[in-house]
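Student: I have the sequence and the structure open side by side, and I would like to work through them with you one element at a time. Could we begin with a single strand and then widen the view?

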Amino acid sequence: MCTIGAIKMGGKFFLFKNRDKIEPEKEYIERKEGHLFIKSKYNGRIAAGINRGGVAFVRSEVISIDLIKKIYQKWSSDITTVIPKQTHPIELLVTIFDGIKSAMEAVSFLLGSKNRFKPSNVILIDKERIFSLEINEEESEVKEVVDSIIKTNHFSSLEFGPHEDGDYPSSFERERYANSMINGIDTLPKLKNFLASHENKERDFNICRHFISSTVSSCIVDPKEKRMWYCDTSPCRGKYKLYNLRK
Amino acid sequence: MIPTIGSEIEIYKTPGGYMMMDLNSGKLGGGKRLGAFACLYEQASELEKKVENIARAYTWDVRHDCYVVFDIQLGIQEIEGTSYVSPLIHEVKKAIEERGYMVKGFIGRDKIFSEDPKNWKVVEVNDELQVKSISYDEHALEDLAESEAVYLGCHFAPPSCRKNQWDEDTCRNGFINNFIDLPGVNWLFMRGNQHSPYYNAVVFSRENELNIKDDSFPSIRGSDAIRQRLEEMRRQGQRYVVIKDISKMSIGGRGISFGDLDKPTTCEGIPSPALVMPYFPIEPTKTNEGDVIIQTRIIYSFEGKAKPQFVFAKMYLVNGMSPEPYNLSSFCTDFVVWDIRDYFYYLKSPSRGQLSCRKVSTTKNKGLRRHFESVIEQCMSDIGDVERGLQYMGTDQVKLLEFYRAMKKKKLVPGNIHPFLNLFNRGK
């Protein structure tokens, strides 16, 4: 239940993600020769990554309305969203990720795949271009982004999943709220403040969440300099630490 | 006269200035955007490195430092207030440099239907592909007239433009591709199939101009006969007629005109000899799912003409057309591609400069898939005709030239292309 986005600040593109989970979850940084990944200690899932080519990704999940209802009714973590025979787009992407040289190449790889994907919003970025992908089992859409984009947990183009506020209030409200704030962001400190912001902790539309879902980590990726700022807890509490792929 | 690369442009220096002819630059409603589309499709699906291949196809016989000439409308896009030349043009530059030659400069055509040399402008481009200036420069045009140039007006690629295989096959296919795009030759190849758009085409001539004694070439002579023919087409439910002047190359769409069969046609204005044929007898087709007209092209595999690789269609919103135009091009808003398998790819016009591509399962629009399948079925027969035509002619250049000369005697192909066909012999 994450908030992901990309923004152009001072002529450079940045990618960001607040990772939200119903239950607390620990992560670690995997730094190898070809990439830098944020990985879950629980199941090894990759929350975000950047490679030596300066290509980076983040993903947020889109789930069915039925499942959303179950989650909100039960407020439980034992509901799985994994549906057999669906491919996790990031798990597929990382099989070739170290060798990818541009965001477009990654887009091409995913769009050209014959896999039936787990419904996802994916943002891919390099130092020159931002692409927003909506990926589903049978259809996908990619759009190039000029200045900024925010994606939460619903599709804006594809049919699957929540369509309106009533289907999943948090996702729609969070996206609107984030979009209303993002235009004023033009520096890294402002972006960090944005990711740590909440107007009402009792509501679930904040960027930094502490309600049904809580933000367990936050990251900002700078593809040009091939570095990542990572906060291993809610960004309103913790501090971002810089990880550089070159070192 | 300095012949330039690829046989697609000629520049003449005349006492009155420079006269520039771009041969096969693309017809009205033709596939000029195919190259741009191919770039986009390549980005979206990575089936093959088509852009590089197309660029190499355009430059396979570059032998000197040269200019790159292109259509400004297609080749330059404004993104965030900055103008850039297209990736295809960039790849052409790289391909020329890979061959060890320099690009002397970029020349853009501003108004493609104008012969005024002032529409040919020097485009200054920096290393980041940004356009720094566009200006008329007589000295540069003078140099262009004396130099070789790679012309990017017609964005089709020879089917054999496989990477690093610029062998005799490539040359032969380049020759064939350019040759069979002539209105008359196209008709000669493709009139045998009832589904072919050329099936009902006839050669029109005034009185005794046409030198055809072979009854297998349908022809009509004189104004009364053409009036009767047009009336017959109208009775058969045809809406439009297209007239292709086969005595000339199709230069920037010139020599091709469209007429509304519901309106009186002035026969006196019809050139002679000309092909007179229904406009889109089988396509574009209105789909069931909405008021959309689609104009379909099949893109064949590099491995063989009989193997469709994907289907490409231009989409026109019918509601946006009022009154119905003869030329649909300006109403084309979207493209759709079928990968011959399970997906459609819908794309916004590349002219916006930014990618927007939607991949949708064909199960979402079974009608469109059925339509594409039927088009393939029909067009495979056309391709069979072309293949048979090529077999008849043989596939070496000598036989092709013999065929061309025979057709020229019958006035069924333009009489002025001989020098250009010879270009494909150069360097081999």
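**A strand and its surroundings**

Student: Why is strand β4 (residues 35–40) of chain A largely enclosed by the rest of the structure?

Tutor: In this predicted model, a residue counts as buried when its relative accessible area is under 20%. Strand β4 of chain A, residues 35–40, is largely enclosed by the rest of the structure because the residues that count as buried number 6 of the 6.

Student: Which residues of β4(A) lie on each side?

Tutor: In a regular strand, side chains alternate between the two faces of the sheet. In β4(A) both faces are covered, and the residues on either side are all buried. One side carries H35(A), F37(A) and K39(A), while the other carries L36(A), I38(A) and S40(A).

Student: How many residues lie between β3(A) and β4(A) in their hairpin?

Tutor: Strand β3 of chain A, residues 27–31, runs antiparallel to β4(A), and 5 bridges join the two. Within this pairing, E30(A) stands opposite F37(A). The number of residues between β3(A) and β4(A) in the hairpin is 3.

Student: In the hairpin of β4(A) and β5(A), which residue in the turn has a positive phi?

Tutor: Strand β5 of chain A, residues 46–51, pairs with β4(A) in the antiparallel sense over 5 bridges, and K39(A) stands opposite I46(A) of β5(A). The two strands form a hairpin with 5 residues between them, and the turn residue with a positive phi, of about 80°, is G44(A).

Student: Which element gives the most residues to the largest nonpolar core?

Tutor: The largest nonpolar core has 28 residues, and those with the most contacts inside it are F57(A), L93(A), L124(A) and L133(A). Elements giving two or more residues to this core include α2 (89–93) and β7 (120–125) of chain A, and from chain B they include β19 (332–338) and β20 (343–348). The element that gives the most, with 6 residues, is α3(A).

Student: In the open sheet of chain A, which strands stand at the edges?

Tutor: The sheet has 6 strands in the order β10-β1-β2-β11-β12-β13, with antiparallel pairing. Two of its strands each have a single partner, so one side of each is left without a neighbour in the sheet, and these edge strands are β10 (148–151) and β13 (241–244) of chain A.

Student: Which helix packs on this sheet, touching β1, β2 and β10 of chain A?

Tutor: Strands β1 (residues 3–9) and β2 (residues 12–21) of chain A pair in the antiparallel sense over 7 bridges, and the bridge partner of G5(A) in β2(A) is F16(A). The helix that touches β1, β2 and β10 of chain A spans residues 169–182, its direction makes about 160° with that of β10(A), and it is α4(A).

Note on methods:
Residues numbered from 1 in each chain as written. Chains lettered and ligands numbered in written order. Predicted model: local features only at pLDDT ≥ 70, side-chain atom pairs only at ≥ 80, totals over all residues. Heavy atoms only, no water. Buried < 20%, exposed > 50% of the residue type's maximum accessible area, 1.4 Å probe, protein only. Helix = DSSP H or I, 4+ residues; strand = E, 2+ residues; numbered from the N terminus. Pairing = 2+ DSSP bridges. Core = buried A, V, L, I, M, F, W, Y, C linked by side-chain atoms within 4.5 Å. Contact = heavy atoms within 4.5 Å. Axes fitted to C-alpha atoms, helices over the stretch in contact; angles between N-to-C directions.
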